[in-house]
Amino acid sequence: MNKNIMDYETVALDQDGRGILIIDQTLLPGKTQIIRLETAGEIWDAIYLLKVRGAPAIGVTAAFGICVLARQIVEEYAKTDRAFGNEGEMEFADFYRKFTEQKNYLNSSRPTAVNLSWALNRMDRVCRQAHGEGKSVSRILEILEREAREIKEEDIRVCRAIGENGLRLVKPGDGILTHCNAGQLATCKYGTATAPIYLGQERGYHFRVFADETRPLLQGARLTSYELFSAGVDVTLICDNMSATVMRNGWVQAVFVGCDRVAANGDVANKIGTSVVATVARRYGVPFYVCAPTSTIDLATPTGAEIEIEQRPEEEVTQMWYKERMAPQGVKVFNPAFDVTDNELVTAIITERGIARAPYGESLRSL
Ligand code: MRU
């Protein structure tokens with residue numbers, strides 16, 4: 001029997017603990033292929049090339065990734081140093097130096113989603129704490145794996161709680177617009193922006209969802225419309241330049257989007273085009289809700305101006321998805337992957353711990 005895309009795990013640690021299994025999202029919706037990542041280069045590439053993407057899913061991948069690499073560090077030591085007569089366990093200092101190198105390498109794969117560094121720093125803390133408690137390096141490997149699994153389980157609980165909180169803001173039959181993919185494929189289950197939609201569906205809310213296609217990488221068309229459609233949600237795909245039309249027609253009662261980083265003042269970075277949707281939503285009086293786990297809130301970044309925005313290759317705009325290049329050779333291209341939406345356009349930020357509203361400087365801190 002054909003499996004539905006909703007039956008697959010976005011990210012998992014393989015049974016042997018030596019590889020990560022992901023759905024290669026660059027092939028969706030045409031082909032569902034599970035790939036195994038083992039080396040640091042494979043994990044880095046999978047994140048950079050968006051085979052696995054979405055802030056929470058990147059965080060979980062990085063957490064499993066550093067586990068897999070930590071195990072390799074120890075096994076490599078066993079193969080080489082022991083061959084030179086060094087008996088016994090690897091010294092923590094040697095292990096930690098290599099662990100830190102790999103952690104920094106994974107962290108360099110994408111700059112904007114704070115969940116990546118959040119997950120890696122959490123793994124780093126657990127590693128140092130275990131050493132402080134006198135644990136051996138082999139015991140530390142077990143503790144790292146347990147922590148990474150917990151980060152994944154937590155993501156599922158957190159997304160469900162975001163769904164419960166978001167559902168309080170809409171009514172059965174409402175039209176909801178979303179941008180990019182902040183869905184199950186961007187997390188371990190439910191998604192963030194889609195969590196209220198999936199929970200509503202469990203309870204017979206019959207939402208009508210509009211999914212922006214999301215140029216240039218089409219996460220809305222390839223991923224959001226695919227997963228919602230597969231889950232039986234009433235979803236209509238629109239081009240990015242149609243959101244004003246559907247809002248002007250009165251078809252949208254709320255916008256739900258995900259987020260890659262929330263600054264301390266409530267400015268939010270999300271997929272390029274999100275700020276256009278927020279501006280249009282303000283014009284038509286539609287509430288604009290940002291769904292974000294608290295791991296996406298970065299109180300160390302004061303405003304959106306300090307968020308590093310990833311710039312991506314120009315081919316994504318000029319030729320990807322087309323049979324042939326659709327722009328003159330040599331034309332200048334600007335391709336930021338994310339934009340910042342000013343806090344004043346954000347009606348509320350929905351987290352697992354509650355709903356934050358302006359002034360965000362206070363409400364985010366109190367969460
Ligand atoms: O470049 P992507 O596909 O990783 O961008 C994803 C987004 O912008 C999502 O909205 C965000 O990461 C939140 S995912 C729950």
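The following legends describe close-up views of a predicted model. Residues are numbered from 1 along each chain as its sequence is written, and side-chain values use heavy atoms, without hydrogens or water.

**View 1. Domain 1 and domain 2 and the area buried between them.** Domain 1 spans residues 5-158 and domain 2 spans residues 171-366, with bounds taken from an automatic or database domain assignment. Their centres, computed over C-alpha atoms, are 27 Å apart. Contact, defined as heavy atoms within 4.5 Å, involves 30 residues of domain 1 and 36 residues of domain 2. The buried area is about 2900 Å², with 58% given by carbon and sulfur atoms; this quantity is the accessible area (1.4 Å probe) that two parts lose on being put together, summed over both. Of the area that domain 1 buries against domain 2, Met6, Arg53 and Thr112 supply 23%, more than any other three residues.

**View 2. Polar contacts and a salt bridge between domain 1 and domain 2.** Between the domains there are 18 residue pairs in polar contact, both residues being at pLDDT 80 or more. A polar contact is a pair of N or O atoms within 3.5 Å; within protein, one must be able to donate a hydrogen and the other to accept it, and residues adjacent in sequence count only if both atoms are side-chain atoms. On the side of domain 1 that touches domain 2, α2 (55-80), α4 (114-132) and α5 (137-167) each supply at least two residues. Helices (H or I, at least four residues) and strands (E, at least two) are DSSP runs numbered from the N terminus. The domains also share one salt bridge, a term that requires a side-chain nitrogen of Lys or Arg within 4 Å of a carboxyl oxygen of Asp or Glu. The side chains of Arg110 and Glu310 form a salt bridge with an N to O distance of 2.9 Å.

**View 3. The salt bridge of Lys152 and Glu9.** The salt bridge count comes to 23. In the pair shown here, the closest N and O atoms of Lys152 and Glu9 are 2.6 Å apart. Lys152 belongs to helix α5 and Glu9 to the segment before β1 (11-13), so that distant parts of the chain, 143 residues apart, are linked.

**View 4. The aromatic pair Trp44 and Tyr105.** The whole structure contains nine aromatic pairs. Rings of Phe, Tyr and Trp (its six-membered ring) pair if their centres lie within 6.5 Å; planes under 30 degrees apart count as stacked, over 60 as edge-to-face and the rest as tilted. Trp44 and Tyr105 are stacked because their ring centres are 6.0 Å apart and their planes lie at 20°. Trp44 is in helix α1 (residues 40-48) and Tyr105 in helix α3 (residues 92-107), 61 residues apart.

**View 5. Backbone geometry at Pro29, Pro359 and Leu50.** The Leu28 to Pro29 peptide bond is cis, with omega near 5°, and Pro29 occupies the loop between β2 (20-23) and β3 (34-37). The bond from Ala358 to Pro359 is cis, with omega near 0°; Pro359 lies in the loop between β14 (354-356) and α11 (360-366). Leu50, in the loop between α1 and α2, has a positive phi of about 65° although it is not a glycine.

Methods: This is a predicted model: local features need pLDDT of at least 70, side-chain atom pairs count only at pLDDT 80 or more; totals for chains, interfaces and linings use all residues.
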